[in-house]
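Let's take a walk through a protein together, starting with the molecule it holds and then stepping back to see the rest. Keep the picture open and follow along.

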Amino acid sequence: MTTTATSAEELRHRMVEQLAREGALHSSEWRAAFDAVPRERFVHGFTRRTERGLVTYDQDDPGYLEAVYADDSLNTQYDEHGTATSSSSQPTVMAHMVEALAPASDTLPVLDLGTGPGYNAALLSHRYGSARVVSRDVDPALVSAADDHLAAAGYAPTLSVGDGAEGCPDHAPYGALIATYGTGRIPDAWRAQVARGGNIVAALGYGLISLTIGEHARATGHFLPILAAFMKARTGPDVAPTPARGYAGTLATAEGHTREIELPAKPDERMPSFLGSLAHPDVLDLSMLIEGQTRYGLIHPNTRSWARITPNTDGTARLDHGGPRNLWTERAPLLEAWRAAGGPNADAYRLTVHPDGTHELHLGEQTWPLPS
Ligand SMILES: C[S@@+](CC[C@H](N)C(=O)[O-])C[C@H]1O[C@@H](n2cnc3c(N)ncnc32)[C@H](O)[C@@H]1O
């Protein structure tokens, strides 16, 4: 069969089979939703990362439908610095997240934060009915486009423009909440607006967390087994966080205090990055190749605190740091405990968000407060 003869339905079905085979989709309800919602209605033009680098697709391009149903995130909007500001998230990640949703009741609405092109709002509408879905994005142009996409696909959830950090008070309480942009901490409004017994599924740092709301809006839960790098929260449609690479020059040459340290793990590897993103939601991490040698940089722009780690070959490293916070000393205990526990996966970690908003991370019997 040639690729041009392969219909959208067939490609979609193949994607669903793959998601099920790999364990991302396991319930018949979510399988049916992914099988029914035509992703091509939500992404008319996009950029996708391939082996050949970034490739841009339009509806008329050969390979467009195959790209739509490849299990990839599809970037649909960029800011003037070339940073992606909206996308259709990777189906595997969406599947893991929606499967984790456990609404408190069959009648309360479900809140979807980070509408983007509207594909996830459509999946939720298929599963729960449009009348039970409220979806909000900070960017009015995206909400308007999502409205068109959703209507074309036959769905009509309630859409709202605003900062998802406030939840969406107009339609609360919610049975459950899903947020598909990266947040560093769980905003108080989310816990306040989800009914007791319902849950929040969100991208917290590089982790995906499922938190059940208990008494006094205390939220407890665990991380899902996969990690994902979602685009970070924006506070407005024209505000994009400065990317880490913007600080590479400063970090490569900064001079401060110096000492030798034990390096429990390379900070840019999968699990250390996850733990770093939890410990340091407002610290930017980057890896630099300087004179053929990898160095790791951490920078907290607000306090101008920084750290540069130059690994030696024997498991030690040279630490250079400056500013009021010692970022490495703050982060190292999490990495040391992770290594001492044999390098567990993300789903070994649990999180509590207390009524006062403080966050605690748990691994087995150990607990670490996460700085606010
Ligand atoms: C990865 S996209 C969401 C993908 C989408 N849910 C889908 O159907 O695939 C992230 C979206 O979050 C939005 N966003 C970022 N910060 C936000 C905020 N503070 N409040 C609401 N939406 C936000 C962005 O505008 C972007 O559209």
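**Around the ligand**

Start at Asp-137, where a polar side-chain atom sits 2.7 Å from an oxygen atom of the ligand. Keep in mind as you look that this is a predicted model. Asp-163 puts a polar side-chain atom 2.8 Å from a nitrogen atom of the ligand. Over at Arg-234, a side-chain N or O atom is 2.6 Å from an oxygen atom of the ligand. How much of the ligand's accessible area does the protein cover? On its own the ligand has 600 Å² of it, and the protein covers 99%.

Who else is in the neighbourhood? There are 21 residues around the ligand, and the ones that come nearest are Ser-86, Asp-137, Gly-164, Thr-180 and Arg-234. If you sort the shell by residue type, you get 12 polar residues, six nonpolar ones and three charged ones. Strand 4 (84-88), helix 5 (119-128) and strand 8 (174-183) each give at least two residues to the shell. Strand 4 has the largest share, with four residues.

**Stepping back**

Now zoom out to the whole protein chain. Try to pick out its 10 helices and 19 strands. The chain's radius of gyration is 21 Å, close to the 21 Å that the globule rule gives for 372 residues, so the chain is as compact as a globular protein of that length. Along its principal axes, the C-alpha trace spans about 60 × 50 × 40 Å.

How much of the chain is tucked away? Of the 372 residues, 53% count as buried.

Last stop: strand 18 (residues 359-363) and strand 19 (residues 366-370). These two run antiparallel, and five bridges join them. To see the pairing for yourself, find Leu-361 and look across to Trp-368 in strand 19, which stands opposite.

Definitions and conventions:
Residues numbered from 1 in each chain as written. Predicted model: local features only at pLDDT ≥ 70, side-chain atom pairs only at ≥ 80, totals over all residues. Heavy atoms only, no water. Near = heavy atom within 4 Å. Polar contact = N/O pair within 3.5 Å; in protein donor to acceptor, adjacent residues only side chain to side chain. Areas by Shrake-Rupley, 256 points an atom, 1.4 Å probe, with all protein chains shown as cover. Nonpolar A, V, L, I, M, F, W, Y, C, P; charged D, E, K, R; others polar. Pairing = 2+ DSSP bridges. Rg over C-alpha atoms; globule rule 2.2 N^0.38 Å. Buried < 20%, exposed > 50% of the residue type's maximum accessible area, 1.4 Å probe, protein only.
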